[in-house]
Amino acid sequence: MNTTASGALLSGLRTRQATSPALIWYGGSGERIELSGKVLDNWVAKTSNFLVDELDAEPGLRLRLDLPVHWKTLVWVLAAWQTGCTVVLGSPAESGPADVTVSAAMDGAATAGGAGTVVAVALGALELSFPADLPAGVVDYAAEVRSYADTYLEEDRPDAGQTALETAGATRARTLRGTVSYATLGELLGTGGNTGEVLLATGTDLPHVLEGAVAAWAAGGAVVLAGAGVEPDEKVLASERVTKRLEA
């Protein structure tokens, strides 16, 4: 297992799942986005290169994700792990300061003290820039990321004992809770379910959704991801060939 944790996972996405759906997103406005394994890997690579070149990411950098359950959120998690960062889920009051804060809402909480460098993420798939004026110093992800290469050349690797994920607050996740090391993350990647499984993941519990998605991809499956308040009907489940729902 690659000690950047996402290495083996992404290798599978761009080889055995290159042309088949890996991530299908249903948004609140009726939006449907389908990413093949290769396209998902490209987005992760671009974001990884953005992290390293624009934000000076290196193993141990604390990256707070202030994002809802969304396909771009999963891209950010995989890119953070590919570059050896520590993903922090929770407010500064819960988990302390961060080197980088990634947010879809440019309110006071996102740009407050302890946020470090702030990155604004436009959640619309076709948005080429953040849909509002940004405070001075905030980096616009949508405006920058497409210029980066869609392949990533791995640099420094984190130690197996380094923290891959910190979560604060209640979660239904069984493995991705509290402080999770890269070694523990590697164990999760080795416990995928049935090959070819299509997992329906819904809800607002990001660690729980992330845990299910990682296990599905590790087994060569796909994820149908629905945003908050979106419940795909039986017609959608049949058309996407969903075989499993994320357990509540």
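**Figure 1. Surroundings of Trp-217 in the predicted model.** In this predicted model, Trp-217 touches Leu-9, Leu-13, Arg-16, Gln-17, Ala-22, Leu-23, Leu-40, Leu-74, Leu-78, Ala-222 and Val-223, with residues up to four places away in sequence left out of the count. A contact here means heavy atoms within 4.5 Å. Residues are numbered from 1 along each chain as its sequence is written, and side-chain values use heavy atoms, with hydrogens and water left out. Local features need pLDDT of at least 70 and side-chain atom pairs count only at pLDDT 80 or more, whereas totals for chains, interfaces and linings use all residues.

**Figure 2. Nonpolar cores.** The largest nonpolar core has 61 residues, and Trp-76, Trp-81 and Trp-217 have the most contacts inside it. Helix H3 (residues 71–82) gives the most to this core, namely nine residues. Apart from it lies another core of 10 residues, including Ala-226, Val-230, Val-236 and Leu-237. A nonpolar core is a set of buried Ala, Val, Leu, Ile, Met, Phe, Trp, Tyr and Cys residues joined through side-chain atoms within 4.5 Å. Buried means under 20% relative accessible area, exposed over 50%, and partly exposed in between (1.4 Å probe, protein chains only). Helices (H or I, at least four residues) and strands (E, at least two) are DSSP runs, numbered from the N terminus.

**Figure 3. The second largest pocket.** This pocket holds about 270 Å³ of space, and 17 residues line it, of which Leu-65, Asp-66, Leu-67, Leu-89 and Gly-90 lie nearest its centre. Strand S3 (62–66), helix H5 (108–111) and helix H8 (206–218) are the elements that give two or more residues to the lining; the largest share, three residues, comes from S3. A pocket is an open set of points on a 1 Å grid over the protein atoms alone, where a 1.4 Å probe fits, with protein on both sides within 12 Å along at least five of seven lines; lining residues have an atom within 4 Å of a point. Grid points are joined across faces, edges and corners, and the volume is the space filled by probe spheres set on the points.

**Figure 4. Two loop residues with positive phi.** Asp-56, in the loop between helix H2 (37–55) and S3, has a phi near 55°, a positive value in a residue other than glycine. Asp-56 is exposed, with a relative accessible area of 58%. Arg-241, in the loop between helix H9 (234–239) and strand S12 (244–245), has a positive phi of about 60° although it is not a glycine. Arg-241 is exposed, with a relative accessible area of 67%.
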